[in-house]
Amino acid sequence: MKKLASSAALSERADRITRRARADNWKKPPRRIEPSECITCGNCLRSCPGEFGAIFDHGLDVVIVPELCSGCPSCVLECPVDCIYVDEDWTPTGDAMWNHIELTAEGAA
Ligand code: SF4
Ligand code: SF4
């Protein structure tokens, strides 16, 4: 079951969205979803802790935003097809996705 995030943890997530950057103290690399293997079941989306909120429905795909992903890795345990991989070579998320995330964050406030 998904745990409720504290207001402090949610505020840290909001700060990461504003800075469009990962937390400096995260040691693990983020994860990524391989779209050619994903069956878009949504299990990962529901399992990502609210304080991270790193997984989004985006078009036809389910995606992880690396700047919001701590690498924890709750989603990996819930994926029925094992298509969530460590992403050492992640690249910064584009503006279109950030705009989508900011709208989602405002809607949730
Ligand atoms: S590794 Fe953790 S923080 Fe990253 S997307 Fe999966 S559940 Fe969310
Ligand atoms: S749990 Fe796995 S198969 Fe399901 S949407 Fe997430 S990445 Fe795709």
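The shell around ligand 2 comprises 11 nonpolar, three polar and one charged residues, where Ala, Val, Leu, Ile, Met, Phe, Trp, Tyr, Cys and Pro count as nonpolar, Asp, Glu, Lys and Arg as charged, and the others, Gly among them, as polar. The model is predicted: local features need pLDDT of at least 70, side-chain atom pairs count only at pLDDT 80 or more, and totals for chains, interfaces and linings use all residues. Residues are numbered from 1 along each chain as its sequence is written, while chains are lettered from A and ligands numbered from 1 in the order in which they are written.

**Ligand surroundings**

- Around ligand 2 there are 15 residues, of which Cys-38, Cys-41, Asn-43, Cys-44 and Cys-79 come nearest; a residue is near a molecule or strand if its C-beta atom, placed from the backbone, lies within 6 Å of it.
- Ligand 1 has 14 residues around it, and Cys-48, Phe-52, Cys-69, Cys-72 and Cys-75 come nearest.
- The shell around ligand 1 consists of nine nonpolar, four polar and one charged residues.

**Overall architecture**

- The chain contains four helices and four strands, both being DSSP runs numbered from the N terminus (helices: H or I, at least four residues; strands: E, at least two).
- In sequence order, these elements follow the pattern α-β-α-β-β-α-β-α.
- The radius of gyration of the chain is 13 Å, which agrees with the value near 13 Å for a compact globule of 109 residues; this radius is taken over C-alpha atoms, and the globule rule is 2.2 Å times the number of residues to the power 0.38.
- The C-alpha trace spans about 35 × 30 × 30 Å along its principal axes.
- Of the 109 residues in the chain, 20% are buried; a residue is buried if 20 or more other C-beta atoms lie within 10 Å of its own, exposed if 12 or fewer, and partly exposed in between, with C-beta atoms placed from the backbone.
- Among contacts with a separation of 6 or more, 75% link residues 24 or more positions apart; two residues are in contact if their C-beta atoms, placed from the backbone, lie within 7 Å.

**The β2–β3 hairpin**

- Strand β2 (residues 55-58) pairs with β3 in the antiparallel sense over four bridges; two strands pair if DSSP finds at least two bridges between them.
- Two residues lie between the strands of this hairpin, and Gly-59 takes a positive phi near 60° there.
- Ile-55 has Ile-64 in β3 as its bridge partner, and Asp-57 stands opposite Val-62 in β3.
- Asp-57, in strand β2, is partly exposed because it has 13 C-beta neighbours inside 10 Å.
- Leaving out residues up to four places away in sequence, Asp-57 touches Leu-45 and Val-62; Asp-57 and Leu-45 are 12 residues apart in sequence and 8.1 Å apart in space, C-alpha to C-alpha.

**Nonpolar core**

- The largest nonpolar core has 15 residues, and Cys-44, Ala-54 and Ile-55 touch the most other members; such a core is a set of buried Ala, Val, Leu, Ile, Met, Phe, Trp, Tyr and Cys residues joined through C-beta atoms within 7 Å.
- Apart from neighbours within four places in sequence, Cys-44 is in contact with Ile-55, Val-62, Cys-75, Glu-78, Cys-79 and Ile-84.
- Cys-44 is also one of the residues that come nearest to ligand 2.

**Backbone geometry in the loops**

- The peptide bond from Cys-72 to Pro-73 is cis, with omega near 0°; Pro-73 is in the loop between β3 (61-64) and α3 (74-78).
- Arg-20, in the loop between α1 (7-19) and β1 (31-33), is a residue other than glycine with a positive phi, near 50°.
- With 16 other C-beta atoms within 10 Å, Arg-20 is partly exposed.
- Thr-40, also a residue other than glycine, has a positive phi near 50° and lies in the loop between β1 and α2 (43-47).
- Thr-40 is partly exposed, with 13 other C-beta atoms within 10 Å.

**The segment before α1**

- Ser-6 belongs to the segment before α1 and is exposed, with 11 other C-beta atoms within 10 Å.
- Ser-6 and Glu-51 are 45 residues apart in sequence but 7.4 Å apart in space, C-alpha to C-alpha.
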